2 protein chains.
Amino acid sequence: MAAESFVGWMTSIQQQLESTLEHCLPPAASEPRALNQAMRYATLEVGKRVRPLLVCAAGELVGADSQVLYRIGAALEMIHAYSLVHDDMPCMDNDVLRRGKPTCHVAFGEANALLVGDALQTLAFELLATPLANVAPATQLIMVRTLAHAAGHGGMAGGQAIDLAGVGQTLSLPELEYMHLLKTGALIRASVLLGAMAGQGLDATQTANLDHFAKRIGLAFQVVDDVLDCEADTATLGKTAGKDAAQDKPTYVSLMGFSAAKRFAAELRDEGFDALQGFGPAAQRLKDLADYIVDRSF
Amino acid sequence: MAAESFVGWMTSIQQQLESTLEHCLPPAASEPRALNQAMRYATLEVGKRVRPLLVCAAGELVGADSQVLYRIGAALEMIHAYSLVHDDMPCMDNDVLRRGKPTCHVAFGEANALLVGDALQTLAFELLATPLANVAPATQLIMVRTLAHAAGHGGMAGGQAIDLAGVGQTLSLPELEYMHLLKTGALIRASVLLGAMAGQGLDATQTANLDHFAKRIGLAFQVVDDVLDCEADTATLGKTAGKDAAQDKPTYVSLMGFSAAKRFAAELRDEGFDALQGFGPAAQRLKDLADYIVDRSF
């Protein structure tokens, strides 16, 4: 594994994840077709698969089975995909472009998009509750609970509600950080923690360190998103650029300024790296991923 | 227990369920307040709690712990509540009245209603993945999987997608039955099966009989819904009456006629009773519930 390049490793996982998702999603030709096709549209052949990559990098750190990691990664990706479908709907962000394609409600209608998000969330939990090789049922139950906590009112959905309430308001930096800790950060933390649960158990200090890494990287991910939204054009980004400013949403760029936000993302990466020190060279994939998250241009 | 009247038993469970939900939902005074308050609005002090009652009746048949049954019942009720919130939204049924109150999106706005449904679904799985007394983790994982399967694209959400595609179409009776088997029936079956999983295991024949009862009663529930939608006025029903006909939705009444639909519901109950024969007097609560479902006027 150590000899494989980061890009080779990433590409291989992205491909394996694609076939896992392909296999777990309902077939396009079966009824109800509109729902099944739209579930596939919203999930397949799209995205960087950051969360599954984090699952795999954390899982490799503890010697977890790769098929198990793909399955956990697929569950995480379904939760992420559902959140994007609902987030793009007219009553939320009302966006028409996502990952370079028309958003789900534009392509399949609003009612189907609502059901697609609902059914993707359900499928994520069904997948994660299906027996995983060499994972004890008690551990798997903790995985389900961890994912649910990260996705629900105390995590992603709660963050979106705070985001909603914050439009047009002046947020402080700590308020903005708290919102993103829930909205994006919770699922990124869950990715790292679930990957680590799939292998030989870490001790409490190691888990806390891994969690600290995940928190910093989750926040860095959002800061970079804000920078890119301000910097990139729509074609590169694959979604409508400049929307945050247009919607008067508080962002790291609007609160800190452009250059300070870029520096902040780099600082968060460094803090994340510090938290990984005790793991030695085995944590290289996680570091590579952190670089990928901070240095990406899309 | 045998000495307690059905109404006494039902009222006691409804009260216990209310406190379980009250305890499991996020506090109204904590952030994000709009989301938390709306989650409580959509779940507390509403509804007949038919699914939790089925959980408890099936659980009593196998000597399950009552606190465990309330928790499972609360998870079922959250899934049900989430489906109602999303179903009422403008892009779906666009309804303004539910259980005698303004629908969630009318009271809290569409974006919050979307998040309420999402977060209630997540909380249901979090609840069901939290250790239950005297239930093995492997059994609990099966419960999570059973609930997810019943709620997802192969169950409730799939049924809603078929319903959506069927508006303005002529469905045959078997097509209508298939739609309802998923849309309403799947969650009712899951209620009975999860209750039965919480206690001493049933053998394969007993489980099949219980499942057959649940299927017949699930369908009867929907047939009665169609009859009531046609028969009752809005005040009695607590939701807008006559909507099916107004929306040109196929119903048992539109396909069979009013009297034949009423007879059909009674036949389904009888078939359900037949399936319970092997359980003897211990199945009385389930029979009482079937009567309650078929003979209700709201």
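Two residues are in contact here if their C-beta atoms, placed from the backbone, lie within 7 Å. The exercises below use this criterion on a predicted model.

**Exercise 1.** Determine what share of the contacts in chain A between residues at least 6 apart in sequence joins residues at least 24 apart, and how the radius of gyration of chain A stands against that of a compact globule.

*Solution.* Start with the elements of chain A, which comprise 15 helices and two strands. Among contacts between residues at least 6 apart in sequence, 72% join residues that are at least 24 apart. Turning to overall dimensions, the C-alpha trace of chain A spans about 50 × 45 × 35 Å along its principal axes. For 298 residues a compact globule would have a radius of gyration near 19 Å, and chain A, with 18 Å, agrees with that expectation. Finally, buried residues make up 52% of the 298 residues in chain A.

**Exercise 2.** Describe the side of chain A that touches chain B, by elements and by residue class.

*Solution.* The contact takes 43 residues from chain A and 43 residues from chain B. On the chain A side, helix 2 (33-43), helix 6 (110-128), helix 7 (137-151) and helix 8 (156-166) each supply at least two residues, and helix 6 gives the most, with 12 residues. Sorted by class, this side of chain A has 26 nonpolar, 12 polar and five charged residues.

**Exercise 3.** Work out how helix 3 and helix 4 of chain B are oriented to each other.

*Solution.* Helix 3 (residues 50-61) and helix 4 (residues 66-87) of chain B pack at an angle of about 150°, with their axes 8 Å apart. Angles over 145 degrees count as roughly antiparallel, and the two helices of chain B are therefore roughly antiparallel to each other. The crossing of helix 3 of chain B past helix 4 of chain B is right-handed. Residues making this contact include B:Val55 and B:Cys56 of helix 3 and B:Leu69 and B:Ile72 of helix 4; by class, the contact residues divide into seven nonpolar, three polar and two charged.

Technical notes: Residues numbered from 1 in each chain as written. Chains lettered and ligands numbered in written order. Predicted model: local features only at pLDDT ≥ 70, side-chain atom pairs only at ≥ 80, totals over all residues. Helix = DSSP H or I, 4+ residues; strand = E, 2+ residues; numbered from the N terminus. Nonpolar A, V, L, I, M, F, W, Y, C, P; charged D, E, K, R; others polar. Axes fitted to C-alpha atoms, helices over the stretch in contact; angles between N-to-C directions. Parallel < 35°, antiparallel > 145°, perpendicular 65-115°, else oblique. Left-handed = near helix turned anticlockwise from the far one by under 90°. Rg over C-alpha atoms; globule rule 2.2 N^0.38 Å. Buried ≥ 20, exposed ≤ 12 C-beta atoms within 10 Å, placed from the backbone.
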